[in-house]
Amino acid sequence: MLSGRRLDLIDPSPLDIEIEDIAHGLARVARWNGQTIGDHAFSVAEHCVVVDDLCLRFRPGWPKKWRLAALLHDAPEYVIGDMISPFKAALGFDYKAFEHRLEAAIHRRFGLPAELPKTVEETIKRADRACAFFEATQIAGFEDEEAAQVFGRPRNVTPIRLKPLPAKEAQALFLKRFRALEG
């Protein structure tokens, strides 16, 4: 990692995880494999901030620790990249278990339980799907009906306008949100 840490991907240690490495990596990982409109890719870092925003809309007053979990929901992608679920399944080995070990180490590093409560996971997943719908229709070229079939139409939430940022701005945005939620 740029921090100088060496991360064992098979047995990741929370001691080798730094938020600056996560922010740097996620700001440079493109959602939709970069197949989006605009001058900049929509990064996983931006996606994570939007998911946190949506969680707060779904659960006003949600504790900061669960918002932090929402912000970090795709944090393993700072090392392993962003792959679509069908591709993960096609890899032929237990990719989800591999990803889960890294996610658990990240959670422990930042004071979260390795396993999130089911209600927290469900809220984050709902926000993740809503964000994917907005991404699909605003920057990835999907028609509204097509996105609704694939991701489901978000309910009881006003759309969030997306504006893909340069990597350095996305990284700063992610770190600013992290700082607001930590502790």
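1. The model discussed here is a predicted one.

2. With that convention, α2 and α9 pack with their axes 8 Å apart and at an angle of about 40 degrees, and the two helices are therefore oblique to each other. The crossing in which α2 passes α9 is left-handed.

3. On the α2 side of this contact lie Ala45, Glu46, Cys48, Val49, Asp52 and Asp53, which meet Ala170, Leu173, Phe174, Arg177 and Leu181 in α9. Sorted by class, the contact of α2 with α9 comprises 7 nonpolar and 4 charged residues, with no polar ones.

4. Helix α2 (residues 44–58) also packs with helix α7 (residues 118–138), their axes coming within 8 Å and crossing at roughly 120 degrees; α2 and α7 are therefore oblique to each other. Here α2 passes α7 in a right-handed crossing.

5. From α2, His47, Val50, Val51, Leu54, Cys55 and Phe58 take part in the contact with α7, where their partners include Ile124, Arg126, Asp128, Phe134 and Glu135. By class, the contact of α2 with α7 holds 10 nonpolar, 2 polar and 3 charged residues.

6. Helix α1 (residues 19–26) is mostly covered, 6 of its 8 residues being buried, namely Ile19, Asp21, Ile22, Ala23, Gly25 and Leu26. Among the elements that cover these buried residues of α1 are α2, α4 (77–80), α6 (95–109) and α9 (167–181).

Terms used:
Residues numbered from 1 in each chain as written. Predicted model: local features only at pLDDT ≥ 70, side-chain atom pairs only at ≥ 80, totals over all residues. Heavy atoms only, no water. Axes fitted to C-alpha atoms, helices over the stretch in contact; angles between N-to-C directions. Helix = DSSP H or I, 4+ residues; strand = E, 2+ residues; numbered from the N terminus. Parallel < 35°, antiparallel > 145°, perpendicular 65-115°, else oblique. Left-handed = near helix turned anticlockwise from the far one by under 90°. Contact = heavy atoms within 4.5 Å. Nonpolar A, V, L, I, M, F, W, Y, C, P; charged D, E, K, R; others polar. Buried < 20%, exposed > 50% of the residue type's maximum accessible area, 1.4 Å probe, protein only.
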